[in-house]
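Work through the exercises below with the sequence and the model in view. Each task is followed by its solution.

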Amino acid sequence: GSEKHFSIPYDAVARLKRPGMTYYNVMAGVSRKTDLIYTPKVYQATIQHGINNTVTGYSGILGSDNYLSVLFGAAIGMPVGAFSADVTGARTTYGNNKKEGFSLRGTFSKKIIESNTSISMAAYRFSSSGYYSYNDAISIYNYFRRDSDNTYTLSRPKERLSITANQRLSEKFGNLYMSGY
């Protein structure tokens, strides 16, 4: 046989899969967030499929008693790093209120081989006023169940940027992680 060595110019991005490989996950349970007066059921399903050596498509669904979101996206591995982009549509209901909206997300991951440093960035844009994340949705539903007040509004950011860096120090000293948003 033969041996081939190569370096991947990005840190492992969970969404990138080998060509023809399909990964899926199905989960159901309850949310045990400490400040809730109820215990909402939660379910989630995801699928990822490696289209070729460069592109992976992915999708998912997340639902609860008063919430449903669907995500579609793609990840691309390139010599300068790995990129992914996706869109999430969500519907939240509480009382007589129904909110619908969408969010955009873009990520970039890069591994600097010479220094063994990994950097990941994610940018989120909550593009419409009716978009609620899962945590926001169960929080507003919790407030409504407690007070039955339709005038409650939840303060939410319009966008968010998160950056994570990992530096391998040595076999003896391990890794140094930094994260912020």
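**Exercise 1.** State the accessible surface of the chain and the share that belongs to carbon and sulfur atoms.

Solution. The accessible surface (Shrake-Rupley method, 1.4 Å probe) comes to about 11500 Å². Carbon and sulfur atoms hold 55% of this surface. The model is predicted: local features need pLDDT of at least 70 and side-chain atom pairs pLDDT 80 or more, while totals for chains, interfaces and linings use all residues. Residues are numbered from 1 along each chain as its sequence is written, and side-chain values use heavy atoms, without hydrogens and water.

**Exercise 2.** Find the largest nonpolar core and the element that gives the most to it.

Solution. A nonpolar core joins buried Ala, Val, Leu, Ile, Met, Phe, Trp, Tyr and Cys residues through side-chain atoms within 4.5 Å; buried means under 20% relative accessible area, exposed over 50%, partly exposed in between (1.4 Å probe, protein chains only). The largest core has 18 residues, and Tyr67, Tyr94 and Tyr134 have the most contacts inside it. Strand E5 (81-94), strand E7 (117-126) and helix H1 (134-147) each supply at least two of its residues. H1 gives the most, with six. A second, separate core of five residues includes Leu16, Tyr58, Leu71 and Ala82.

**Exercise 3.** Classify leucine 104 as buried, partly exposed or exposed.

Solution. Locate leucine 104 in strand E6 (residues 97-112). Its relative accessible area is 37%, so leucine 104 is partly exposed.

Methods: Helix = DSSP H or I, 4+ residues; strand = E, 2+ residues; numbered from the N terminus.
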